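Me: I have a model open on my screen and would like to learn how to read it. Could you take me through some features, one at a time?

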Amino acid sequence: MSAPIASSTAAILFLVVIGLCIVWADDEFEGGSRTLVLEHSFDSGLNPSFTKKGMVVLKSVKGNRAFFSSVAPLTSDELEKLKMLAKKNDIYRLRLQTGSGSSGEDYVTTYTPACGIMSSNLSDHVWIHFDQTGEVMGISLETATSQCVNGDNFSIQDWNTSVEVTQTLLGPSPDTQSYIEKLKREEQERAKGQTEDKRSFLAKYWMYIVPVVLIMMLSGGGDQQGGGGGGGGGQ
């Protein structure tokens, strides 16, 4: 009985090790993860102020492994601002910090109708878009609905935010060398066809000239014969 048990134990340990290796191989960041700050704004206008909404922990871009951790529920003041935005059919803004935060270039920003946030009961889905080198290109935000509802009695303050990541991959590069060689061959063929013809005018167009001359000669001979016959009848 000990041999089958030992074999089963060894098989289980083998599967566990393989699973851990897959997880470790999927981690693409130093230390196993990368943390990004997610901020939101409930202000209107061109220069809104932002506060921290939560943290996004990236485990793998290629494996689409990201997790959102909320900092805190909505405050009463933020809840009232959200209601006001929805009443005015205004937007709820979201931005992701991609650098040190010392300049506007360190953020990517998106927005959605505030009505959608309330109608979805603070459930939103964030997409983080990466380029082929693993750098953040942008973010997008979606909710289950964007329809406006009467938010006077709205009281939900806990976020239900989910996060996914996508990566842009480079497609196959065009075969420019073959295309250039094709253009060169076509140019050479055109050059051959445009070689200057150094023959004389008569040598090039004799097949057109000869019929015209023959027709003129025959026409002239017929006129002379007709003229001669008329003169004989007058005598």
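Me: Are Glu 39 and Arg 95 buried or exposed?

Reply: Both Glu 39 and Arg 95 are buried. Buried means under 20% relative accessible area, exposed over 50%, and partly exposed in between, with a 1.4 Å probe and protein chains only. Before we go on, note that this is a predicted model, where local features need pLDDT of at least 70 and side-chain atom pairs count only at pLDDT 80 or more, while totals for chains, interfaces and linings use all residues. Residues are numbered from 1 along each chain as its sequence is written, and side-chain values use heavy atoms, with hydrogens and water left out.

Me: What do Glu 39 and Arg 95 form, and how far apart are the closest N and O atoms?

Reply: A salt bridge is a side-chain nitrogen of Lys or Arg within 4 Å of a carboxyl oxygen of Asp or Glu. Glu 39 and Arg 95 form one, with 2.7 Å between the closest N and O atoms. Glu 39 is in strand E1 (residues 34-41) and Arg 95 in strand E4 (residues 91-97), so the pair ties together parts 56 residues apart in sequence. Helices (H or I, at least four residues) and strands (E, at least two) are DSSP runs, numbered from the N terminus.

Me: How many salt bridges does a search of the whole structure find?

Reply: The search finds six. Let's visit helix H2 (residues 76-87), where Lys 81 and Asp 77 lie four residues apart, about one turn of the helix. Their side chains meet in a salt bridge at 3.7 Å, N to O. Lys 81 is partly exposed at 34% relative accessible area, and Asp 77 is partly exposed at 47%. Asp 43 joins Asp 77 and Lys 81 in a network of salt bridges.

Me: Which residue does Lys 83 meet in a salt bridge?

Reply: The partner of Lys 83 is Glu 80, at 3.7 Å from N to O. These two are three residues apart in helix H2, which again puts about one helical turn between them. Lys 83 counts as buried at 12% relative accessibility, whereas Glu 80 is partly exposed at 47%.

Me: How many disulfides does the structure hold?

Reply: A disulfide is a pair of cysteine sulfur atoms within 2.5 Å. The structure holds one, formed by Cys 115 and Cys 148 with their sulfur atoms 2.0 Å apart. The pair links distant parts of the chain: Cys 115 sits in helix H3 (residues 114-119) and Cys 148 in the loop between E7 and E8, 33 residues apart. The link is right-handed, with 80° about the S-S bond. Cys 115 is buried at 3% relative accessible area, while Cys 148 is partly exposed at 48%.

Me: In what order do the three strands of the open sheet stand?

Reply: Two strands pair if DSSP finds at least two bridges between them. Here the order is E7-E6-E8, with mixed pairing. Strand E7 (136-143) and strand E8 (160-167) stand at the edges with a single partner strand each, so one side of each has no neighbour in the sheet. Strand E6 (residues 123-130) runs antiparallel to E7, and seven bridges join them. As an example, Asp 124 has Thr 143 in E7 as its bridge partner.
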